[in-house]
Amino acid sequence: MTLSKSAAAAAAPSLAVRGRGPRRSVLFFAFAFAVIADPVSSVAYAIEAALRALHGDLALLLPTMSLVIGLVVIVTANYWQLVRRFPKGGGAAAAAGRAFGPRWTFLPIGALVVDFVLTIGISIAAAASAVIALFPALAPWRVPLALALLLVVAGLTWFGHGGRLLFAFMTVTFVVVSVAVLVLGFTSPHTAGHAATTSDPGHSAVLAVVLAFPVAMALATGIEAPSTAIAQLGQLGQLDDTHRRRFGRGTLALLVVIVGGLTLALTALAVRLHIGIPGADSTQIADIAHAAAGPGRLYGTFQLTSSLLLLAAASSSFQAGPGLLKALSGTSERPGVLPPVLGRTNRHHTPHWSVVVHLAAAALIIVAAAGQEQELVLFYAVAVFVSFLVGLLAMARFATRERKTALAWVNGLAAAAVAFTLVVNLLRGWPVLSLAATLLIAAGLYARWTRAGRPSGIEDVEAHAEAD
């Protein structure tokens, strides 16, 4: 999600692209836009999360989201290095295992497990909110609607990965419709809101921004996706290491441009049109689109495409999460650390019991949050930032070993920024549950790995999960 929340969404595995030409371009399109579906979908709730943390102060919203995008760029630059070092995939788990030893692999793996469940829950809840904003009469049925959408997405996952190319299409469609809304909003908006430009955020302006931006770091949760999803590109002799690096780095660059551009443009439009904290039955991004385009077809299309993109993000984690549990359960050639039942697949090669586990966990958090994605966003940028931190420290370790002082400083600065974000989110109180769940899962997996005789290759489990 992305972490590699969207990694399992990478598409077009049947394309043979040993030569150059349009087929490789089609594969890159399918791969890149499918992988970035989750971070793009995060735009639907991250800006609103920042505004709520600012207590509705629109004047501070653009500086806050600019700081968020700045940190996204810094972390992405470090994952650019990670893709170069691990062109066969593996992400933070591979980096941690090789830098600090295999036992450290379980920390980013535990973070991944928590992140996948949260991605499913938040994406489904946000999709339900998008539908309710379009059809307010459904507001009393928020939780049942979210659970129904959850069952639909889980049910489609049951039938395998045949629809992965649709994720890329949904991402592109949402981007195109968003651009249309933005152009109309800046040139000829339908109306404007009535929110005050400034309010009392409860702190000085600088402190308010510093405390608010970590909440909106949900935008960063898909950065790791390309570094793990490239493992799929080695299947069937599609791409060698050089081209996997290009695909991974190209996807990272596309992620920054699209997510950063959409975020800052929608934020600026919200400030321009005075769109503040939404009512109970709407979302800020829905209010922005409504003010820009009015209640007509473009607004309806925007809500529909955003909802479908959010469902695609949930679906990608419904594939990647069970895939990871399957990889951890092992194969006949590779010993596992989880019970074999979690690796059993149906005739569509779906690890169905692992899907059930994710379904139950996501349903639990949706009910606990009353279907409100903004309640869950507070927990979001915790587990994933644990993985970021471990991965960045590993890259700093590699740079230090190789006496690349400047690179080590860059990695260290990124790690410090990530650690600060993590600490600020933890200080909010309840998000510590995400950290506790991450540590508990990591400790449990480590204990099972030790009991199994510490089988080798555990640091490559993310790559195995994608390749499988």
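Before naming any helix, I note that helices here are DSSP runs of H or I with at least four residues, numbered from the N terminus. I also keep in mind that the model is predicted.

**Entry 1: the second largest cavity.** I looked up its volume and found about 60 Å³. Which helices each supply at least two residues of its lining? I found α3 (43-53), α6 (106-134) and α13 (297-329). The largest share, three residues, comes from α13. I then listed the lining itself: Ala44, Tyr45, Ala126, Ala130, Thr283, Ile285, Gln303, Ser306, Leu310 and Glu373. Sorted by class, that lining has six nonpolar, three polar and one charged residues.

**Entry 2: the nonpolar core.** I turned to the largest nonpolar core, which has 150 residues, and asked which of them touch the most other members. The answer was Ile124 and Leu328. The helix that gives the most to this core is α6, with 19 residues.

**Entry 3: confidence.** I checked the pLDDT and got a chain mean of 84, with 88% of residues at 70 or more. Helix α12 (residues 284-293) has the highest confidence, at 94, and helix α18 (residues 461-467) the lowest, at a mean of 63. Over residues 1-19 the pLDDT is below 50, yet I see 103 contacts for this stretch in the model beyond near neighbours in sequence. Where pLDDT is low, the predicted coordinates should not be read in detail.

Technical notes:
Residues are numbered from 1 along each chain as its sequence is written. This is a predicted model: local features need pLDDT of at least 70, side-chain atom pairs count only at pLDDT 80 or more; totals for chains, interfaces and linings use all residues. Side-chain values use heavy atoms; hydrogens and water are left out. On a 1 Å grid over the protein atoms alone, a cavity is a set of points where a 1.4 Å probe fits but cannot get out, and a pocket is an open set with protein on both sides within 12 Å along at least five of seven lines; lining residues have an atom within 4 Å of a point. Grid points are joined across faces, edges and corners, and a volume is the space filled by probe spheres set on the points. Ala, Val, Leu, Ile, Met, Phe, Trp, Tyr, Cys and Pro count as nonpolar, Asp, Glu, Lys and Arg as charged, and the others, Gly among them, as polar. pLDDT is the predictor's confidence in each residue, from 0 to 100. Contact means heavy atoms within 4.5 Å. A nonpolar core is a set of buried Ala, Val, Leu, Ile, Met, Phe, Trp, Tyr and Cys residues joined through side-chain atoms within 4.5 Å. Buried means under 20% relative accessible area, exposed over 50%, partly exposed in between (1.4 Å probe, protein chains only).
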